[in-house]
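Good morning. I have one structure to show, and I will keep it short. Please look at it for a moment before I start.

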Amino acid sequence: MNTVRGFKDIIYPESFKISEIERISREVFEIFNYKEIRIPTVEYQELFIKSTGETTDIVEKEMYKFEDASKRILALRPEGTPGVARAYINNNLNIKGENTKYFYIGNMFRAERPQAGRFREFEQIGVEYIGTNSAFSDAEVIIMLDTILKKIGIKSYQIEINSIGCFECRKKYREVLIENLKKLELCDLCKQRIERNPLRVLDCKIDKEKFSSIPSIHLCGNCQDHHKTLKELLTKSNVDYKENKLLVRGLDYYTRTVFEFKTAELGSQDAIAAGGRYDDLIKSMGGPNSPSVGWAMGAERILMLCEKENISFKNKPLCFVITADQKYSEYAFELLSSLRNSGIKSDFSSFHQSLKSQMRSANSNGARYALIIGEEEFISNTVTIKDLSTGEQSKKEKDNLIKELLKII
RNA sequence: GUGGUUGUAGCUCAACUGGUUAGAGCAUCCGGUUGUGGCCCGGAAGGUUGCGGGUUCGAGUCCCGUCAGCCACCCCA
């Protein structure tokens with residue numbers, strides 16, 4: 001039987017690479033003092049309608065929704081922010097006196113037509129910095145994301161930022177925008193969008209060139225200051241970004257800062273991570289006034305970029321234990337256990353195979369050393385160690401061998 | 001979701017207008033005299049041609065359906 005369309009198995013080495021991406025992210029989160037939050041995979045459908053937005057594609061056409069046995073209308077989470085916002089409110093995280101910087105790692109579900117780099121179940125690694133409207137928090141999360149990608153070793157991406165203003169700026173701009181858009185000859189979809197969600201029209205790839213005449217949003221003083229501060233902070237931190245006045249986002253809750261980390265290596269799936277500020281979301285959900293900023297990155301897309309850029313993740317044993325004669329299998333197995341108990345990554349293939357075959361396994365597994373045990377070694381209580389890169393080999397006493405190997409690690 | 005396109009061994013691909021037991025390279029496994037990998041050489045194993053119907057004396061090849069992948073759009077991570 002096939003897997004369901006858009007769903008897939010992830011097997012070594014991809015599984016290892018993804019967990020490395022997670023590991024590196026966790027390392028950075030720890031350095032930045034972000035705490036993990038784990039939220040449910042299933043929520044009431046209403047949560048996403050009210051937060052992500054009724055008119056967004058994610059909610060309108062891509063959500064996996066279903067009714068459970070008690071007739072509750074539920075949905076598989078299409079993104080992480082609504083759940084985190086809900087958890088923040090439910091658990092009164094605003095009054096706990098701890099910092100409210102969270103990261104999450106989890107799978108999301110969207111019923112889109114699948115393509116390379118676009119799956120119906122995919123993993124997002126994301127952060128939410130809740131409770132401050134300071135531009136320093138925008139800068140922090142962007143710098144953190146940049147740090148993670150650099151630490152992974154990815155180079156082929158570009159950062160685009162924009163400010164779409166606060167609620168007040170948007171309200172005024174909306175009118176100006178609609179007026180201007182109506183003067184233009186636009187594609188059918190854009191025509192529909194003019195009334196429903198005019199800001200999204202600016203994102204259209206077909207009509208892109210026609211928007212040069214349209215005035216960009218006029219930001220109020222506070223929004224201008226915020227955006228200016230953010231840009232200065234990024235520049236001072238050597239974050240290489242470019243401003244894209246046409247950048248808007250498909251989720252309704254964004255205010256002020258929006259940003260995307262884009263790549264040219266992945267075809268249409270060019271966003272590897274994206275996010276922005278959402279100052280009104282938590283309040284609009286009935287929580288305290290909690291301006292916030294966050295982002296999410298797609299683990300599979302990061303993985304694909306790693307492959308494009310030939311970034312290697314190594315998971316190789318240091319030692320490979322080999323018997324010259326089956327008689328010494330148990331003795332060899334004991335050695336293997338001692339190595340592992342000492343924390344030395346070690347493996348073996350099958351002691352029944354010929355020495356030649358075992359050597360071949362050692363090589364193809366990428367082991368650095370072959371440890372050979374045969375009659376000579378058994379009698380003298382030693383182990384032959386062969387360095388597989390140089391071909392040099394010597395006999396060592398078992399205890400000394402382990403001590404020396406521990407120094408190498 | 002719209003429009004395309006593809007599906008043959010683990011992977012990448014072959015098989016003239018439908019015509020015997022569907023091939024190759026890479027990978028895998030075994031071997032190339034006494035206890036040594038990579039390179040090289042030899043051999044073996046590996047396929048219900050995505051699945052289900054249909055046309056035909058005969059289907060990997062043609063037709064229909066279905067499933068899945070991919071590309072663009074759309075959207076997004």
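This is a predicted model: local features need pLDDT of at least 70, side-chain atom pairs count only at pLDDT 80 or more; totals for chains, interfaces and linings use all residues.

Chain A has a mean pLDDT of 92, and 97% of its residues reach 70 or more. Within chain A, helix H5, residues 135–152, has the highest confidence, at 98. Confidence is lowest in helix H7, residues 188–196, where the mean is 69. For the complex, the predictor gives an ipTM of 0.88 and a pTM of 0.91.

Now the pocket. Rolling a probe the size of a water molecule over the atoms shows where empty space is left. The second largest pocket has a volume of about 640 Å³. Its lining is made of 26 residues. Nearest the centre of this pocket lie Phe-167, Arg-170, Asp-252, Tyr-253 and Tyr-254.

Which helix gives the most to the lining of the second largest pocket? That is H6, with 6 residues. Helices H2, H6, H8 and H10 each supply at least two. Sorted by class, the lining has 11 nonpolar, 9 charged and 6 polar residues.

Last, the cysteines. A disulfide is a covalent bond between the sulfur atoms of two cysteines. How many disulfides does a search of the whole structure find? The count is 0. Take Cys-166: its closest cysteine sulfur is in Cys-169, and because the two sulfurs are 3.4 Å apart, they are too far for a bond. Cys-223 is in no disulfide either, with the nearest cysteine sulfur, in Cys-220, 3.6 Å away. Cys-223 counts as buried because its relative accessibility is 1%, and the cut-off for buried is under 20%.

Definitions and conventions: Residues are numbered from 1 along each chain as its sequence is written. Chains are lettered from A and ligands numbered from 1 in the order in which they are written. Side-chain values use heavy atoms; hydrogens and water are left out. On a 1 Å grid over the protein atoms alone, a cavity is a set of points where a 1.4 Å probe fits but cannot get out, and a pocket is an open set with protein on both sides within 12 Å along at least five of seven lines; lining residues have an atom within 4 Å of a point. Grid points are joined across faces, edges and corners, and a volume is the space filled by probe spheres set on the points. Helices (H or I, at least four residues) and strands (E, at least two) are DSSP runs, numbered from the N terminus. Ala, Val, Leu, Ile, Met, Phe, Trp, Tyr, Cys and Pro count as nonpolar, Asp, Glu, Lys and Arg as charged, and the others, Gly among them, as polar. A disulfide is a pair of cysteine sulfur atoms within 2.5 Å. Buried means under 20% relative accessible area, exposed over 50%, partly exposed in between (1.4 Å probe, protein chains only). pLDDT is the predictor's confidence in each residue, from 0 to 100.
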